[in-house]
Amino acid sequence: MMKKTPAAAIAALGLGVVLAAAACSSGGGSSNGGNSSSSTSSVTMTFWTNATPGPGLTFFQNAVKSFDAAHPGVTIKMQAIQNEDYDGKLQTALASNSTPDIFFQRGGGKMLAMVNANQVAPLTLSAADQANVSAAALAGETLNGKIYAIPLDQQPEGIYYSKDLFKQAGITSTPTTIPELEADVAKLKAINVAPIAVGAKDAWPAAHWYYNFALRECSQATMNAAGTTLKFTDPCWTKAGDDLAAFLKVNPFQQGFLTTAAQVGAGSSAGLVANHKAGMELMGAWDPGTISTLTPNQKPLPDLGWFPFPAVPGGQGDPSAMMGGIDGYSVSPNAPKEAFEFLEFLLTTPQQQAYATAFITLPVNKAAQSVVTDSVSVSALQALNKAGYTMQFLDTQYGQNVGNALNAAVVNLMAGKGTPAGIVSAATEAAAKG
Amino acid sequence: MSHTLGNAAVGRIRRGALQVGDAAHAASPTPRARKRGRGRQRLEIALLTSPAIIVFVGLVIFPVGLAAYYGFYKWQGYGPPTDWVGLGNYKIIFTDPTFQQALEHNGLIVVLSLVIQGPLAILLALLLNQKIRGRALIRVLIFVPYVISEVIVGTGFSLMLQVTGAVNDALHNIGLGFLATDWLANPNIALWTLMGIITWKYIGFAVLLMLAGLQSIPGELSEAARIDGASYWQVQRHITLPLLGPTIRIWAFLSIIGSLQLFDLVYIIWGQYISGTAGTSTMATYMALNGRLAGNYGYGSAVAVVMFLVSLVVALFYQRFVLRRDLRGAVTQGVN
């Protein structure tokens, strides 16, 4: 009996140490498989995407399957992460050196921070790759002359609307100025639907209203300068807030918009449009894809239409300028060479066609743009080709810290708790925290 | 567990030593045996407690120290921190009106939880301590919300409490449509909605504790009081409540700490961004928003340290001034 107790204790101690060690190491384990790459033995790579369940996720599953099949010994482990959870999760992975080998890249200030910390690999594109991607999209993923992500699609932002509801409300043509939009809001209210849906619970969809007002009020030079100085002293920033505050006076958004999510479920802003509960939604080019997963029959909304953000009288910005995002994918500096090969594979015409079809979006490969046939995407593509210039979503452009504060401040304004000047001061205060 | 084993072993060693001593030379072998026994005892204690100590130090003490260290830096989480700002982060925290609001909400939640849940739990426990029909079923029903995961509760309530959700629909259907409101987004109401959900969720735990406390009160006391002519309420007021004191004080302690660290329900119902706007932000959601989500890991760590200190100070004060009575054995003295 006496001898047994220490033996059991040692066993318990051993078990405790093993458990503790396992707990500590589990976080870093995922990327190690990729680090030790070699051409002869098998290679396992981790791949993070923000694609939502539906055709988009299926596309990536198929792409991974066919890439694995064409490259014996290569296994890509894909993980789909809900869009709103993605940034925080990626940041944690970057901070703990467990970066996935291939990961969804938002670009802008977020990419700049990763580049400064050597957390993302510069990419060298072959001539074939260059031919597969539009120069404009590639420019958005370039910093100091180096390319840090492969863009897969372009996502100009505009207002998606239901043609049926517009017809019912007696709206004959889409609005081109804010006063016209306000008149249409009144007409939609008269037929008892929410004029405009916005998912303010996620903050960024609400903030995009402010960003687009800023795009109309501020000149291109002012907006670019703010990207490096993070100072919002130009009066146009407050003016944009005033515009939004004035627009809010007509109560354009659905009831309870503050607790509405953007993309998840029938009660989300995309769901409201999908189910004809709301007339319009300001969103990027992924919206038709999101809406199609939320319609009652899970098919694209047949009466969906698109128009660019209306002009603001007297603004310094180009009325044709567009705000948008680029969905790109980056490679970790420690990733095996097969990681970049997978991205090159995604740029090939058949993959780009499948991508554009699955996400109902605009591919970067010009040869694949022929699959864009639905009227919604065609009108967005035409507007994009005519735009004076494009600007990245400001919460991306100005980095996670300031972007986050801008988003929260705009929500405050929309909830009646903040002021236009408060948006500007929130951005300045956030810069002090980071 | 390990403690018990250790004592049992020591007992055996001592008995063994005495037997040896009794046999012939009482004085000499005993100290040596004791010494050896004490060394063994230390070894056993070290072996048996080391897994727990390793886990505790590695997963609690070490992260707290690390957060304190990061809190002195402006740090975005990429690479090692280099931008030393001293107490700069703390200055920003204490001058940030949104943090002050979060702290205020935490304070309100602490007080309201005690004021609402305490009396309600005692009344329910008194009721469920009676022999009434369906008592077991009612006990289970009251305890069920406590067992359900916070995520399920949060998602369920956020769907039901939408403007077009089930609660408002039900109110319209029973002719109370004028009560329908924006339960979650109206800053004047949202905190009370949160209190309602918290009460529903955690009342079961309070009732469970109070019931256990009630059952440890000897029946003879109230019997004697009743023979002396005390009414039911007099018995509860002068016999039950004082004897339930230790239970109430422990429950209040757990409730206070839980309220100070409240995060999950708020985060699920109001999401990552808008709890501040709706007036339900807590220190923990402030930390998640301004630390992790904004990518300011240095600043977020400083907020974590502030939260830790607030909880620690409250806990120490409570133990020093409230729980001290229980440690001196107030119950037995009260009975005598």
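Student: Where is the place of Asn118(A) in chain A?

Tutor: Asn118(A) sits in the loop between helix 5 and helix 6 (127-132) of chain A. Keep in mind that this is a predicted model.

Student: What makes Asn118(A) exposed?

Tutor: Count the C-beta atoms. Asn118(A) has 10 others within 10 Å, and exposed means 12 or fewer, so Asn118(A) is called exposed.

Student: And what is the phi of Asn118(A)?

Tutor: Phi is positive there, about 55°, although Asn118(A) is not a glycine. Most residues other than glycine have a negative phi.

Student: Where is Ala203(A), and what is its phi?

Tutor: Ala203(A) is in the loop between strand 8 and helix 10 (204-217) of chain A. Its phi is near 65°, a positive value in a residue other than glycine.

Student: How do you know whether Ala203(A) is buried or exposed?

Tutor: Ala203(A) has 30 other C-beta atoms within 10 Å. The cut-off for buried is 20 or more, so Ala203(A) counts as buried.

Student: Why are strand 8 and strand 10 of chain A said to stand at the edges?

Tutor: Start with the sheet. Its 4 strands come in the order 8-9-7-10 in chain A, the sheet is open and the pairing is mixed. Strand 8 (194-197) and strand 10 (304-307) each have a single partner strand, so one side of each is left without a neighbour in the sheet. From one strand to the next, the twist averages 25°.

Student: How do you know that strand 8 and strand 9 of chain A pair?

Tutor: Pairing takes at least two bridges, and 3 bridges join strand 8 to strand 9 (residues 278-283) of chain A. The two strands run parallel. Ile196(A), for one, has Met280(A) in strand 9 as its bridge partner.

Student: What makes strand 6 of chain A mostly covered?

Tutor: Of its 7 residues, 7 are buried.

Student: Which strands does strand 6 of chain A pair with, and how do you know?

Tutor: Again, look at the bridges. Strand 6 has 6 bridges to strand 11 (residues 322-331) of chain A, running antiparallel. Gln155(A) has Gly325(A) as its bridge partner in strand 11. Strand 6 is also joined by 2 bridges to strand 12 (residues 362-363) of chain A, again antiparallel, and at least two is what pairing needs. In strand 12, Pro363(A) stands opposite Asp153(A).

Student: What are the domains of chain A, and how far apart are their centres?

Tutor: The domain assignment gives domain 1 as 45-155 + 325-390 and domain 2 as 156-324 + 393-433. Taken over C-alpha atoms, their centres are separated by 25 Å.

Student: How many residues of these two domains of chain A are in contact?

Tutor: There are 31 residues of domain 1 in contact with 30 residues of domain 2. On the domain 1 side, helix 17 of chain A gives the largest share, 7 residues. By class, the residues of that side are 11 nonpolar, 15 polar and 5 charged.

Student: What about chain B, where the assignment also gives two domains?

Tutor: Domain 1 of chain B is 2-70 and domain 2 is 88-335. Their contact takes 4 residues from domain 1 and 6 residues from domain 2. The domain 1 side has 4 nonpolar, no polar and no charged residues.

Student: Which helix gives the most to the side of chain A that touches chain B?

Tutor: The contact involves 41 residues of chain A and 39 residues of chain B. Helix 1 of chain A gives the most to the chain A side, with 10 residues. That side has 21 nonpolar, 15 polar and 5 charged residues.

Student: Which residues touch the most other members of the largest nonpolar core?

Tutor: Ile102(A), Tyr210(A), Leu406(A), Val410(A) and Val411(A), out of 180 residues in that core. Helix 8 (residues 190-215) of chain B gives the core its largest share, 11 residues. Setting aside neighbours within four places in sequence, Val410(A) is in contact with Ala206(A), Ala207(A), Tyr210(A) and Ile423(A).

Methods:
Residues numbered from 1 in each chain as written. Chains lettered and ligands numbered in written order. Predicted model: local features only at pLDDT ≥ 70, side-chain atom pairs only at ≥ 80, totals over all residues. Core = buried A, V, L, I, M, F, W, Y, C linked by C-beta atoms within 7 Å. Contact = placed C-beta atoms within 7 Å. Domains from an automatic or database assignment. Nonpolar A, V, L, I, M, F, W, Y, C, P; charged D, E, K, R; others polar. Axes fitted to C-alpha atoms, helices over the stretch in contact; angles between N-to-C directions.
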